Amino acid sequence: MKAEVNTGRVVTRFGAELLVENTKNNPDTPHVRCTAKRKFDSIVCGDFITWHHNEHGNASVDDLLPRTNALTRPGYRGRPRTIAANIDQLVIVNSWLPETSWDLVDRYLIAAHQLKAEAIIVMNKSDLAEAHATEADWQAMKTYEEIGYTVIQLNAHTGEGIEQLKQLMDDKTSIFSGRSGVGKSSIANRILPESDIAVGIISDSGEGKHTTTTADLYHLENNGYLIDSPGVRDYALADISDQELADGYIEFGQYQNQCRFHNCTHDHEPRCAVRTAVENNEISKERYLRYIDALHTLKENSNS
């Protein structure tokens, strides 16, 4: 008799071993352990798969279902490495100490745009703002809000802003990004129900090593999911084109078609509508200069 085919979502991966959430919401077996054949090496946290039970041992993976998107970063020898899949929203976590890198925030926003995912900018440790925030920092946050991004002032220790963030994560798969020390774990501990920490099912068995770049998927109380991955701590843009970089600065969008040249990089070309908008204070000069720095870095990397 042919085994019943089930669907599930990958919670985490340890080599060929997968921990999979059973989408049937079976209270007796909410998670199953699966073994994936080598042809499924590309499966990552957040993927949807089909699988079937075996009479003995782990369940088996039958197929990897189509993804809506996948977050990658440069890996070994510059080859793209997929971190997680099927992401609806990037939660970009910053803090007043360590100080925020607005260049890095921009890179995360470009990644969100490429994923066709929403983005939320979180400023943690709000109690430190008075001592550490500069006028330029406040202006940067205001600029992000003006161009359409949600910015949340949050304090993981007092709970300020946590409910607002949880509501924005309702029914979505979100992934935390941000540098070490900004408080991602503290925020996650506020949001995650303790009963859902299931990744130990495999790691405690000793049958697989949980590497530092492994992503974990947590099912939230609000029917959302949180992907926690150290692999997006210091995100570097993968191999993207000049146009993809410019598209990631969403405020350029309404001006790009007005440039004299269809392939304008908004750097030195004559009659560039984006540069004119910067001169007229319609586009943030600070954001534009960060774009130019990123553009030049892309060109240097492509020539090296």
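Buried denotes a residue under 20% relative accessible area, exposed one over 50%, and partly exposed one in between (1.4 Å probe, protein chains only). The model is predicted: local features need pLDDT of at least 70 and side-chain atom pairs count only at pLDDT 80 or more, whereas totals for chains, interfaces and linings use all residues. Residues are numbered from 1 along each chain as its sequence is written, and side-chain values use heavy atoms, with hydrogens and water left out.

**View 1. The chain as a whole.** The chain contains 10 helices and 13 strands; these are DSSP runs numbered from the N terminus, with helices (H or I) of at least four residues and strands (E) of at least two. Of its 304 residues, 47% are buried.

View 2. The parallel strands β8 and β9 are joined by seven bridges, and E118 in β9 is the bridge partner of Q89.

**View 3. Helix α5 and its cover.** In α5 (residues 184-191), the buried residues are K184, I187, A188 and I191. Because these residues cover an arc of only 100° around the axis, they lie on the same side of α5; the arc is that of the directions from the helix axis to the C-beta atoms. The face turned away from the buried side carries the exposed residues S185 and N189. The cover of the buried residues includes β8 (89-95), β9 (118-124), α4 (162-168), β11 (173-177) and β13 (225-228), contact meaning heavy atoms within 4.5 Å.

**View 4. The salt bridge between R287 and D106.** A salt bridge is a side-chain nitrogen of Lys or Arg within 4 Å of a carboxyl oxygen of Asp or Glu. The side chains of R287 and D106 form such a pair at 2.7 Å, N to O. It links distant parts of the chain, with R287 in helix α10 (residues 285-303) and D106 in helix α1, 181 residues apart. Both R287 and D106 are buried.

**View 5. Two further salt bridges.** D41 and R13 meet through their side chains in a salt bridge of 3.7 Å, N to O. D41 lies in the loop between β3 (31-35) and β4 (48-52), and R13 in strand β1 (residues 5-14), 28 residues apart. R13 counts as buried because its relative accessibility is 13%. In helix α4, K166 and E163 lie three residues apart, about one turn of the helix, and form a salt bridge whose closest N and O atoms are 3.7 Å apart.

Definitions and conventions. Pairing = 2+ DSSP bridges.
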